[in-house]
Amino acid sequence: MRRAFILLASAGAVSAWTEMYHKAFMNKNIDPIVVPGTYTSHMHTFFGSDAITKDMPTSADLQKGCYSGDNPNDLSAYWIPTLYHVDGDNFTEVPVFRFSTYYTNAFSEIAIPQGFSMISGNASARTQAEADNAYNNLEWFCEGSNERESDIANFPTSTCDQHLQVSLRFPNCVNPDNLAEYDFSDDSNKCPDGMKQFPQLRYAARYDTKSVAPNGWSGDAPFQLSCGDALGNGYCFHGDFINGWFADAAENMLNAGGGGYNDGQFISGEHGSSAIEDDCTPTDQDPDNGTSDYWTSVEMKANGGVAVADPVESTSAVVTTAASTSSLSQRGDVPRPSLTTKYMWGINWR
């Protein structure tokens, strides 16, 4: 059973939300939560603080970086698998038109803890059944349309008039004494024993498919996620998060009214009280290692983080301006991703 995303006030609970926009600043084959210290991940697109490398950062580390969003109080790191348009062996990045993060504080008991990280979704999912989760509300759809595929994690089977969109919710309960233990609240908004509820995060990404598929599509969409192995579905979509909110702003997120947290309003803190972009440009902090090239990332994943062919440097430019293409013919004999290369999150999903 899927549960509706709570935005409105409920009896006995304060409920409010905020939305922030973040520009993508890097595509790279790293995941410091799942495979820290290596260049063996599938490709991810990164938003938020640029103080993110292959090594797992602390909240304090992230807070020293440049941010790609519009709130100077939030230097969290956010990332998702990269989406590609596929034409034969050519993989062309589908630019992210807009990436939004939403936080809602209904039933929250504590602020998002410093040092906290989490994942939502299943990067190894290859079917709707494997992607199904009663609480994360993963779905792909065309922006502005109420139509949905029978498999809700399938890409739409006809051209989107506007943007291709995906939505994903994150867990909202954590054990304060062991931040590695986190989960979703249940249908009665209760956390598992020993856990406290914190403001819930949701990702929404809109993709500019017209820039890479101007003639549209009918049937299986010509798109593939970096974590997937087949066209037409977004089953393996997932999101990673490392908290980089400054502690005072994270506490303000719990408040209603005043200088705190009202519906759709700004989360203030000592680092800012209005939306403003950073005065520095987010960049890749480890540009000489890893790759931003799809086929090179497949090769490195298969070879323990080493590219057999000539290395392809990771881009440090904003990645939403022009789509980059990776061709198998340029990389030599690189195997396609297979079902045997999977990540499992170790989360006891309901």
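Accessible areas come from the Shrake-Rupley method with a 1.4 Å probe. On this basis, the protein in this predicted model exposes about 14200 Å², of which carbon and sulfur atoms supply 47%. Of its 350 residues, 57% count as buried. The protein contains five helices and 17 strands. Among contacts with a separation of 6 or more, 74% are accounted for by residues 24 or more positions apart.

Strand β5 (residues 83-87) is mostly covered, with four of its five residues buried. This strand pairs with two others. With strand β15 (residues 223-225), β5 pairs in the antiparallel sense over three bridges, and Y84 stands opposite Q224 in β15. With strand β6 (residues 90-93), β5 again pairs in the antiparallel sense, here over four bridges. H85 has T92 in β6 as its bridge partner. The hairpin of β5 and β6 has two residues between the strands, and G88 takes a positive phi near 65 degrees there.

Salt bridges were examined next. Side chains of opposite charge can pair when their charged atoms come close. A search of the whole structure finds seven salt bridges. In one of them, K28 is joined to D284, with the closest N and O atoms 2.9 Å apart. K28 lies in strand β2 (residues 24-28) and D284 in the loop between α3 (247-252) and α4 (294-302), so this pair ties together parts that are 256 residues apart in sequence. K28 is buried, with a relative accessible area of 1%, and D284 is also buried, with a value of 5%. K28 and D284 are linked with D286 in a network of salt bridges.

R126 forms a salt bridge with D229, the closest N and O atoms being 3.5 Å apart. Because R126 lies in the loop between β8 (117-121) and α2 (128-131) and D229 in the loop between β15 and β16 (238-242), the pair ties together parts that are 103 residues apart in sequence. R126 is buried, at a relative accessible area of 16%, whereas D229 is partly exposed, at 29%.

A further salt bridge is formed by E143 and R206, whose closest N and O atoms are 3.2 Å apart. E143 lies in the loop between β9 (139-142) and β10 (164-169), and R206 in strand β14 (residues 200-207), so parts that are 63 residues apart in sequence are tied together by this pair. Both E143 and R206 are buried.

Terms used: Residues are numbered from 1 along each chain as its sequence is written. This is a predicted model: local features need pLDDT of at least 70, side-chain atom pairs count only at pLDDT 80 or more; totals for chains, interfaces and linings use all residues. Side-chain values use heavy atoms; hydrogens and water are left out. Buried means under 20% relative accessible area, exposed over 50%, partly exposed in between (1.4 Å probe, protein chains only). Contact means heavy atoms within 4.5 Å. Two strands pair if DSSP finds at least two bridges between them. A salt bridge is a side-chain nitrogen of Lys or Arg within 4 Å of a carboxyl oxygen of Asp or Glu.
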